[in-house]
Amino acid sequence: MATEEMEQLVRREYKEGFVTDIESETLPPGLDEDVIAFISNKKGEPEWMLEWRLKAYRAWLKMTPPSWAHLDFPPIDYQAISYFSAPKRPEDRPQSLDEVDPKLLETYEKLGIPLHERAALAGVAVDAVFDSVSVTTTFKEKLAEAGVIFCSISEAVQEYPELVKQYLGTVVPQTDNYFAALNSAVFTDGSFVFVPKGVTCPMELSTYFRINAENTGQFERTLIICEEGAQVSYLEGCTAPMRDENQLHAAVVELVALDDAYIKYSTVQNWYPGDEDGKGGIYNFVTKRGDCRGDRSRISWTQVETGSAITWKYPSCVLRGKHSIGEFYSVAVTGGRQQADTGTKMIHIGEGSRSSIISKGISSGRSNQAYRGLVKIGPRAKGARNFTECDSLLIGDQCGAHTYPYQEIGNSTATVEHEATTSKIGDDQLFYCQSRGISEEDAVSMIVNGFCKDVFQELPMEFAVEAEALLRVTLEGSVG
Amino acid sequence: MLEVKDLHVSVEGNEILKGLSLTINAGEVHAIMGPNGSGKSTLSAVIAGREEYEVTSGSITYDGQDVLEMSVEERACAGLLLGFQYPVEIPGVKNIYLLKAALNAKREAQGLGEIPAPEFMKLIKEKAALMQMDASFLQRSVNEGFSGGEKKRNEILQMLVLEPRLAMLDEIDSGLDIDAMKVVSDGVNSLRSEERAILLVTHYQRLLDYIVPDRVHVLVDGRIAMSGDADLARELESRGYDWVLEESVA
Amino acid sequence: MSEDTQRFLDRLAEARADRAGEPTWIAARRQAGAARFEAMGFPTRRDEAWKYTDVRAIARGDFALAGDADFSPASAATLTLPIDAYRLTFVDGIFSASLSQLDGLPEGVSLQPLSVALAENHEAVGGPLGRLTGVEFSPFSALNTAFMEEGAVLRLAPGTVVEKPIILQFLSRNGEAPVMSHPRVLVQAGGRSEATLVEHHVGEEGAANFTNLVAEVILERNALLTHYKLQEAPLADLHVASIHVEQARDSRYTSFNLNLGGALVRTDLISELNGENATSDFYGLFYGEGRQHVDSHTLANHNAPRTFSNENYKGILDDRSHGVFNGKVVVKPDSQKIEGFQSNANLLLSDRAEIDAKPELEIYADDVKCTHGCTTGQLDEEAIYALRARGIDRQTARGLLTLAFAGEVLEAVGLDAIAERVELAVAGKLPERFNLAGLVETAVALGDE
């Protein structure tokens with residue numbers, strides 16, 4: 001197939017929802033200790049929380065942004081960002097779906113998003129979404145019954161200060177990296193989940209979250225704790241393109257799994273990637289880390305990344321517990337001038353710990369993608385095992401796919417295997433499909449879906465279906 | 001020489017041998033036949049010490065020694081040698097290394113010193129010639145890139161060099177054309193002697209035209225359902241295994 | 001500027017006095033090297049390319065330059081590879097005519113010490129120096145350029161096929177004080193020429209010298225060069241080398257990077273695949289024991305369409321040794337129809353040994369087939385069982401398989417003398433629990449018949 005046609009097929013034009021010219025109540029741009037005190041005060045935080053933020057801020061001042069990622073973007077002016085913005089008043093929002101860009105709605109249609117969710121996703125004032133309110137209440141009751149705490153991180157600081165104090169920053173310390181330090185200083189949104197000993201969370205927290213997806217913030221902070229034997233599945237984000245005006249996103253996610261606990265964290269990220277020249281897209285600089293603190297604990301990261309102009313994220317696992325398990329499954333699709341530098345770190349400390357990494361990257365257009373991973377086997381991690389499979393698919397001759405796996409192995413009983421391939425969709429594969437009467441578009445989508453199968457099957461069922469649809473839409477290029 | 005008594009063997013909880021008894025005397029050639037899944041290969045593997053098989057009850061004694069107490073290599077050094085159905089490829093290990101290391105291990109077990117290099121070289125060249133294998137095979141990695149027939153000849157070459165007292169050949173005839181079958185059979189026949197026994201595991205009677213057994217046992221569902229002489233094999237060829245099943249049930 | 005940097009520059013100033021008469025362009029290049037080294041200083045572990053290799057053992061050393069090339073012929077004979085070859089020998093970096101052998105060099109082959117080649121015709125010879133490995137490449141290449149004086153120049157006229165191998169032998173002496181040398185090697189292989197080059201680093205036990213070699217290799221159309229780098233330097237030697245290869249259309253460069261010696265070893269091997277159908281084959285084997293540190297960096301730059309690279313590196317690490325493998329395949333934009341294969345496997349024999357591996361792919365074209373596999377792990381249990389079933393005890397089986405692991409690289413070695421020497425060395429280095437006595441000798445003897 002001619003490269004041009006192929007490009008035509010995959011060129012993706014993001015149909016952003018709409019442009020709003022309504023000013024919300026925001027703090028003037030700039031960051032100093034007063035701003036942090038203001039945020040802390042607005043959130044009604046106790047003194048220790050403010051101190052915690054200030055400690056992060058002071059460390060951040062001395063740090064420099066990472067330069068080693070395979071990314072290229074102009075320096076960010078952190079004083080030009082506003083660090084607090086009050087929630088929009090309902091009257092400033094679209095009052096009904098009629099006011100929403102029909103093309104966005106068409107996308108939702110294609111993705112099979114339920115009607116009552118579309119309004120929330122499009123940013124329609126919440127009180128217009130009658131269904132979701134009642135649904136939300138039902139969920140809350142069910143969770144409370146099981147003893148699961150699920151609330152905003154701000155609420156948790158006030159309601160469960162001891163738990164927050166005990167766990168916050170123990171997985172991702174304030175000074176971990178540049179963006180984590182910034183987040184620690186100024187975070188305003190995010191979720192808190194606590195699943196007590198022996199409890200299996202009665203539902204996937206995904207559903208609840210999706211309806212409330214609107215609270216996606218610029219500096220999110222998420223903390224999930226599973227006590228001994230507890231289990232939870234959490235889905236962040238959404239297959240639908242998210243409307244967001246903040247260019248820089250620097251979230252921190254911390255997971256703590258005690259003995260025999262299992263946390264499954266799935267992400268579907270489809271933020272605005274910018275126009276064809278990459279202008280105006282989101283910078284997504286995230287620090288996600290899970291701590292398998294207990295023996296036989298397990299943390300599994302699954303991500304489908306299709307959005308953002310720049311993505312910089314490495315969901316990682318610290319495998320401290322004996323026989324603990326870390327998993328990372330990732331599909332990243334980039335087009336236009338998107339840049340993604342993503343991967344994982346598996347730090348094996350505990351005896352018999354195991355990890356597996358499956359990363360699938362699809363680059364098209366003029367995009368660039370890098371897998372960057374670290375597998376570290378410590379001297380005490382007897383019999384540790386890692387398997388890594390890292391495949392890239394290139395569509396079009398102007399994109400790039402890069403693989404930078406680091407292996408640091410200090411134990412003779414460890415087994416570490418890494419395999420990587422880079423290839424394009426085979427003309428023979430395409431021809432084979434087409435000769436069976438399948439259109440070129442469908443054939444590409446089919447082959448790409450097949451390429452991603454190992455990851456999709458890790459997603460919760462409903463999202464696996466959506467993720468496939470998302471991929472198809474993404475590869476179609478013309479969402480409308 | 002070898003006495004198997006009421007042997008029960010399981011793999012991952014599934015019982016495969018269900019009370020098998022067998023006595024093999026020096027100088028005899030025994031053939032174990034049976035339908036697929038009857039446990040034929042299990043028997044030789046257990047005697048050779050394959051670790052994933054769990055012996056749940058019964059005994060195997062070899063010249064009065066408890067075989068089940070011996071490690072894999074002790075068994076081999078004592079003269080219990082298994083010819084694999086699917087010989088393992090070992091990239092980078094030259095055939096000659098394997099032969100010399102194995103022969104020296106056996107000699108050490110017998111209280112003999114290491115074989116002098118010239119003597120060793122004379123021996124392996126002579127045996128390789130017998131198996132119609134070019135000397136260059138000896139420098140190649142064990143079984144790597146060998147054809148099916150070459151792998152089987154290589155198994156017999158090892159037997160000729162290591163001179164086991166009980167040679168167990170697991171489906172040594174599978175994947176062989178007629179010419180290779182002839183070479184392999186000649187090799188096995190040259191092993192026949194008053195001091196040595198041979199246990200053949202095979203699905204087909206054809207091999208037994210070349211290597212005529214003293215005793216033939218039919219294994220069905222983990223037990224020996226019928227035993228006889230070489231004629232039994234021919235009868236199986238014409239009547240199939242179902243007949244044995246009916247006979248043994250009746 | 002750090003004290004360490006200053007110490008090396010002081011040595012350079014001392015050496016400069018002798019060089020009053022050299023051509024101005026060489027002086028200028030040397031100066032550029034010194035300036036660059038002064039600006040960069042020695043790399044630290046904060047530099048991505050040196051993340052796993054600490055060069056303080058070099059930086060903190062005080063190395064003089066050797067004054068002569070005296071070496072007992074008898075002891076040299078024990079170190080020299082038993083290969084019928086043309087040979088240039090350098091003792092601590094200084095050319096030794098008496099230990100060299102250039103008789104019968106065929107027509108079309110020019111093999112000279114760098115000093116001689118420059119003295120005879122510095123303009124023609126010197127042109128390519130520094131074109132591939134500039135002073136920017138690393139502080140060590142800058143340092144080599146600053147000290148550049150001796151080395152080897154091999155030029156093959158178009159169509160020349162050299163039957164016998166060409167050996168560059170670098171001997172390291174156990175002298176009163178440690179010395180350093182900065183050999184510079186230039187190879188220009190004309191179109192359709194064919195040759196085998198052996199770079200052999202070896203020396204007297206107890207030596208603790210620093211060798212900082214730079215080799216620039218230019219292959220014209222359809223040239224074939226097999227380059228063995230057999231590094232069995234004394235165990236306290238420090239060894240840094242960068243080999244930069246430029247390949248025109250249809251050329252083939254095959255490298256064997258065999259590292260057994262040295263306390264701190266770093267090799268950078270880079271090929272520029274500039275013409276269609278050019279192929280680079282990189283084979284490597286490193287064995288670490290004691291506290292040896294062995295770092296191998298390779299880079300295949302696919303600058304043209306239809307270029308091919310294959311890589312197979314194996315590492316065996318015992319005791320507290322530390323191995324580093326960094327293999328990179330880069331496919332430049334518009335370089336279509338590329339095939340790049342990379343494989344690295346490592347075995348750790350001790351719990352205190354460490355391997356840091358980083359197999360990288362950087363790809364800017366879509367019609368490519370690139371794969372890498374990187375494994376660190378255990379010997380195949382199935383193979384161990386098969387050997388035990390022949391009466392071989394577990395430890396010997398492990399020894400055999402460890403040797404076999406190295407054998408997978410050595411199988412491709414075309415010079416038997418080198419393959420055997422390395423195999424014997426590996427068998428000899430394996431811990432005693434791997435009972436391999438006598439095995440390898442037997443095989444070698446059989447092969448000789």
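# Briefing on a predicted complex

In chain A, among the contacts that join residues at least 6 apart in sequence, 86% link residues that are at least 24 apart. The structure is a predicted model, and the predictor assigns the complex an ipTM of 0.83 together with a pTM of 0.82.

**Confidence in chain C**

- The mean pLDDT of chain C is 91, and 96% of the residues in this chain reach a value of 70 or more.

**Chain A as a whole**

- The secondary structure of chain A consists of 13 helices and 19 strands.
- Chain A has 480 residues, and buried residues make up 61% of them.

**Helix α2 of chain C**

- Helix α2 of chain C covers residues 24–40, which makes 17 residues, and the distance from its first C-alpha to its last is 24 Å, close to the 24 Å expected at 1.5 Å a residue.
- The buried residues in α2(C) are I26(C), R30(C), G33(C), A34(C) and F37(C).
- When α2(C) is viewed down its axis, these buried residues fall within an arc of 95°, and they therefore line one face of the helix.
- On the face of α2(C) that is turned away from this buried side, the exposed residues T24(C) and A39(C) are found.
- Directly after α2(C) comes G41(C), a residue whose phi is positive, near 70°.

**Cysteines**

- Where two cysteine sulfur atoms must lie within 2.5 Å of each other to be called a disulfide, the count over all chains comes to 0.
- C399(A) is in no disulfide, and the nearest cysteine sulfur, which belongs to C370(C), is 13 Å away.
- Is C399(A) buried or exposed? With a relative accessible area of 0%, C399(A) is buried.
- Another cysteine, C77(B), has a relative accessibility of 12% and also counts as buried, because the cut-off for a buried residue is under 20% relative accessible area.

Conventions: Residues are numbered from 1 along each chain as its sequence is written. Chains are lettered from A and ligands numbered from 1 in the order in which they are written. This is a predicted model: local features need pLDDT of at least 70, side-chain atom pairs count only at pLDDT 80 or more; totals for chains, interfaces and linings use all residues. Side-chain values use heavy atoms; hydrogens and water are left out. pLDDT is the predictor's confidence in each residue, from 0 to 100. Helices (H or I, at least four residues) and strands (E, at least two) are DSSP runs, numbered from the N terminus. Buried means under 20% relative accessible area, exposed over 50%, partly exposed in between (1.4 Å probe, protein chains only). Contact means heavy atoms within 4.5 Å. The expected span of a helix is 1.5 Å times one less than its number of residues. The arc is that of the directions from the helix axis to the C-beta atoms.
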